[in-house]
Amino acid sequence: MTTTIAAGPDEAVADVEDGSTVLVGGFGLAGMPFDLIDALIRQGAGDLTIVSNNAGNGDVGLAALLKAGRVRKVICSFPRQSDSYVFDALYRAGGVELEVVPQGTLAERMRAAGAGVGAFYSPVGVGTPLAEGKETREIDGRVHVLEFPIQGDVALISAHRADTMGNLVYRRTARNFGPVMATAARTVVAQVTEIVPAGGIDPETVVTPGIYVDRLVRAEARRLTVQGAR
């Protein structure tokens, strides 16, 4: 597989189809691929299932995608915070489906997809509504819930630097779900602030090997704070 360098974010997401499951990196605003999300809004794909840690902040990023009416379902760990008013309004009006997944389980379900694991048992969520309807099994005297992998059609992630072979390094907490999402999607698109020649990154610092990355696009890092949280 060869990593391609897209001319811009619009080219990078041009083939995302209606009904796709899209893994979106970010922990709140940290590490969110804003340029790729904005391009996806312009591209017009709808009926999307979005997998991310949060369900949007303010009016930017995922919140803007939700506001544009492109999302059918959100799978996330933290759908509500003080600035999640776009998601809140949609959910209360029945405009979007929600599946809440504990944060560690969310990461592990994507990791399982990337590793080819068919399913796994976890004790997290036992005895809560999150376990309703799921198969359980007692292991070493403790009840576990059967969880299945989450595989994306597309992953949109953000990294700090890439080389032309697609190897990625991240910046601090902006790494978050990027590495695991890169293993769990059929097509992986990474926006980065810098692209250097092959060999320009110390191999010991590579977090996501280029074999997982299909497309790169260069985009300036954004320093965003959400205004008007309600």
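1. In what order do the strands of the open sheet of three strands stand? The order is E6-E8-E7, and the pairing is antiparallel. Keep in mind throughout that this is a predicted model. Strands E6 (120-122) and E7 (136-139) stand at the edges. Each has a single partner strand, so one side of each lacks a neighbour in the sheet. From one strand to the next, the twist averages 45°.

2. Now the pairing inside that sheet. E7 meets strand E8 (residues 142-147) over four bridges, in the antiparallel sense. Ile139 stands opposite Arg142 in E8. A helix also packs on the sheet: H5 (residues 103-115) touches E6 and E8. The direction of H5 makes about 170° with that of E6.

3. H5 passes a simple length check. It has 13 residues, and at 1.5 Å a residue they should span 18 Å. The end C-alpha atoms of H5 are 18 Å apart, which agrees.

4. Which residues of H5 are buried? They are Thr105, Leu106, Arg109, Met110, Ala112 and Ala113. These residues cover an arc of only 150° around the axis, so they lie on the same side of H5. Just after H5 comes Gly116, with a positive phi of about 75°.

5. Turn to the largest nonpolar core. It has 33 residues. Ile50, Leu65, Val74 and Leu156 have the most contacts inside it. Several elements each supply at least two of its residues: strands E2 (21-24), E3 (48-51), E4 (71-76) and E9 (152-163), and helices H2 (34-43), H3 (62-67) and H4 (85-92). H2 gives the most, with six residues.

6. What does Ile50 touch, not counting residues up to four places away in sequence? Its contacts are Val22, Val24, Leu62, Leu65, Val71, Lys73, Val74 and Ile75. Another core lies apart from the largest one. This other core has 25 residues, including Leu23, Ala155, Val213 and Leu216.

7. Just after H2, Gly44 takes a positive phi of about 100°.

8. E9 is largely enclosed by the rest of the structure, because nine of its twelve residues are buried. It runs parallel to E2, and three bridges join the two. Val24 stands opposite Leu156 in E9. E9 also pairs with strand E11 (residues 185-196), in the parallel sense, over ten bridges. There, Val154 has Thr187 in E11 as its bridge partner.

9. How many bridges join E9 to strand E10 (residues 168-169)? Two do, and these strands run antiparallel. Ala162 has Leu168 in E10 as its bridge partner. E9 and E10 form a hairpin, with four residues between them. In the turn, Gly166 has a positive phi of about 95°.

10. Is Asn54 buried or exposed? Its relative accessible area is 9%, under the 20% cut-off, so Asn54 counts as buried. Asn54 is found in the loop between E3 and H3. Leaving aside neighbours within four places in sequence, Asn54 is in contact with Gly26, Phe27, Gly28, Leu62, Cys76, Phe78 and Gln81. Asn54 and Ala159 are 105 residues apart in sequence, and their C-alpha atoms are 18 Å apart in space.

11. Arg92 has its place in helix H4. Its relative accessibility is 66%, over the 50% cut-off, so Arg92 counts as exposed. Arg92 and Pro179 are 87 residues apart along the chain. Their C-alpha atoms are separated by 33 Å.

How values were computed:
Residues numbered from 1 in each chain as written. Predicted model: local features only at pLDDT ≥ 70, side-chain atom pairs only at ≥ 80, totals over all residues. Heavy atoms only, no water. Core = buried A, V, L, I, M, F, W, Y, C linked by side-chain atoms within 4.5 Å. Buried < 20%, exposed > 50% of the residue type's maximum accessible area, 1.4 Å probe, protein only. Contact = heavy atoms within 4.5 Å. Pairing = 2+ DSSP bridges. Axes fitted to C-alpha atoms, helices over the stretch in contact; angles between N-to-C directions. Expected span 1.5 Å × (residues − 1). Arc of directions from axis to C-beta.
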